[in-house]
Amino acid sequence: MTDRKATVSRDTSETQITVGINLDGTGKLNVDTGVPFLEHMLDQIARHGLIDLDIKANGDLHIDDHHTVEDIGITLGQAFAKALSDKKGIRRYGHPSMTYNVEYTRSMIGQFDVDLFSEFFHGFINHAAVTLHIDNLRGDNSHHIAETIFKAFGRAVRMAIEVDERMGDQMPSTKGSL
Ligand SMILES: [Mn+2]
């Protein structure tokens, strides 16, 4: 199997972001974004997805965290798609689509606005071209609710991108190409 690694840089007037990704990593995170709670969540993706992530972001945090969080989602999605390449031999695939049903018990976790989680996932799915359904069943602590979402996301991604020996180099779709 070829290396499933990629690096993507994305530069706008609002944010400058570089994401390095290794889909077959060991769960190592190297991060510097200026948004500590998001970093805690990126750590869940890396650890539970067994993905190595190297993420540097320099965003307009003097306004708020919005652009930085959304654009990290976008750049991570681009790096993910690039590292997956033609998607041959993996277990699951999708098309950009998301449902997100989560009720938080408070609007802020520390300094972090919980609205921004859906912005992050929207950015990711649109650029990674994946289908993602997030339904939080229950929970009474917003920090824990967020953690369960990101842990489950990491696990789901890990399963989806695992190479299935029986698939050979087939595309996991009756369409034959994506
Ligand atoms: Mn925690």
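**A manganese site, an open sheet and a nonpolar core**

The manganese ion is coordinated by H40 (NE2), H143 (NE2) and E147 (OE), at 1.8 to 2.3 Å. Donors here are N, O and S atoms within 2.8 Å of the metal (3.2 Å for Na, K and Ca), and water is not among the atoms, so sites may look incomplete. The structure is a predicted model, in which local features need pLDDT of at least 70 and side-chain atom pairs count only at pLDDT 80 or more, while totals for chains, interfaces and linings use all residues. Residues are numbered from 1 along each chain as its sequence is written, and side-chain values use heavy atoms, with hydrogens and water left out.

Along the sequence, the donor residues of the manganese ion follow the spacing H-x102-H-x3-E. H143 and E147 are both in helix α4, four residues apart, which is about one turn of the helix. Helices (H or I, at least four residues) and strands (E, at least two) are DSSP runs, numbered from the N terminus. E147 is buried, because its relative accessible area is 12%, whereas H143, at 26%, is partly exposed.

Helix α4 also packs against α1. The axes of these two helices come within 7 Å and cross at roughly 35 degrees; axes are lines fitted to C-alpha atoms, for helices over the stretch in contact, and angles run from 0 to 180 degrees between N-to-C directions. The crossing of α1 past α4 is right-handed, a term that applies if the near helix is turned clockwise from the far one by less than a right angle, with anticlockwise giving a left-handed crossing. Contact means heavy atoms within 4.5 Å. The residues of α1 that meet α4 include F37, H40, M41 and Q44, and among those that α4 contributes are H143, A146, E147 and F150.

Strands of a sheet pair through backbone hydrogen bonds, either parallel or antiparallel. Here four strands form an open sheet in the order β1-β2-β4-β3, with mixed pairing. The edge strands are β1 and β3 (29-32), each of which pairs on one side only, and the twist averages 5 degrees from one strand to the next. Two strands are taken to pair if DSSP finds at least two bridges between them. Eight bridges join the antiparallel strands β2 and β4; within this pairing, Q16 has N58 in β4 as its bridge partner, and G20 has D54 in β4. Four bridges connect β3 to β4, and these strands run parallel. L29 stands opposite L53 in β4.

Two helices lie across the sheet strands. α1 lies across β3 and β4, running at about 160 degrees to β3. α2 lies across β1, β2 and β4, at about 35 degrees to β2.

What holds a place in the largest nonpolar core? A nonpolar core is a set of buried Ala, Val, Leu, Ile, Met, Phe, Trp, Tyr and Cys residues joined through side-chain atoms within 4.5 Å. The largest one has 48 residues, of which I21, F80, F117, F120 and F121 touch the most other members. Elements that each supply at least two residues of this core include β1 (5-11), β2 (15-22), α1 (36-49), β4 (52-59), α2 (66-84), α3 (116-128), β8 (131-135) and α4 (142-161). Leaving aside residues up to four places away in sequence, F117 touches F37, M41, Y100, Y104, I109, F112, A146 and F150.

Some individual residues complete the account. N22 is found in strand β2 and counts as buried because its relative accessibility is 17%. Beyond residues up to four places away in sequence, N22 touches R4, K5, L50, I51 and D52. L50 itself is in the loop between α1 and β4, is partly exposed at 30% relative accessibility, and has a positive phi near 50 degrees. Most residues other than glycine have a negative phi. A129, in the loop between α3 and β8, likewise has a positive phi, of about 60 degrees, although it is not a glycine; A129 is partly exposed at 22% relative accessibility. Finally, T174 lies in the segment after α4 and counts as exposed, at 87% relative accessibility.

Conventions:
Buried < 20%, exposed > 50% of the residue type's maximum accessible area, 1.4 Å probe, protein only.
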